Amino acid sequence: VYFKLNDGWQAVSGRAQEVSGKAGYYTGGLFKYVNDDSTGVLLASADEDSWTTRPVFTKVEVSQDATSTQLKTPAVSNIVVSCFIHQAKDGDGQAIEAATIEAAAIAALVPTGNP
């Protein structure tokens, strides 16, 4: 069971399980939003909400040789999508490095010992 990332999303380096021989297809991992200017920043304001209309993926695919037994395992019976939101600038208005934000997301979302 796997999915293809939609436009506007990319895998966090070393933190996604890509399907062998299928570039852009994953069985899981940590992914980040990348907007049109490649910053991944959603600008917030006091007057309006801010969100992306781009889902991480829109369909799940199953290998042609998958068996019914494999599809009954807990690993493929649930798809969990979690979100981590981090401010883009510090208290002084300076941009926070992408690596710092990714490290915070990894610490918050990736169980110890997992890729």
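These legends accompany views of a predicted model of one protein chain.

**View 1. Overall fold of the protein chain.** Four strands and three helices make up the secondary structure of the protein chain. Read from the N terminus, the elements follow the order β-β-β-β-α-α-α. Among the contacts with a separation of 6 or more, 44% join residues 24 or more positions apart.

**View 2. Burial and surface of the protein chain.** The protein chain has 115 residues, and 17% of them are buried. Its accessible surface is about 8500 Å². Carbon and sulfur atoms contribute 50% of that surface.

**View 3. A nonpolar patch on the surface.** The patch consists of Val 1, Val 60, Val 62, Leu 71, Ile 79 and Val 81. Together these residues have about 470 Å² of accessible area.

**View 4. Ile 79, one of the patch residues.** Ile 79 lies in the loop that runs between α2 (74-77) and α3 (98-109). The relative accessibility of Ile 79 is 51%. Ile 79 is classed as exposed because this value is over 50%.

**View 5. Confidence along the protein chain.** The average pLDDT of the protein chain is 80, and 82% of the residues reach at least 70. Strand β1 (residues 2-4) has the highest confidence, at a mean of 90. The lowest confidence falls in α2, with a mean of 61.

Notes:
Residues numbered from 1 in each chain as written. Predicted model: local features only at pLDDT ≥ 70, side-chain atom pairs only at ≥ 80, totals over all residues. Heavy atoms only, no water. Helix = DSSP H or I, 4+ residues; strand = E, 2+ residues; numbered from the N terminus. Buried < 20%, exposed > 50% of the residue type's maximum accessible area, 1.4 Å probe, protein only. Contact = heavy atoms within 4.5 Å. Areas by Shrake-Rupley, 256 points an atom, 1.4 Å probe, with all protein chains shown as cover. Patch = residues over 30% accessible without salt bridge, like charges linked within 9 Å, V, L, I, M, F, W, Y side chains within 5 Å. Salt bridge = Lys/Arg side-chain N within 4 Å of Asp/Glu carboxyl O. pLDDT = per-residue confidence, 0-100.
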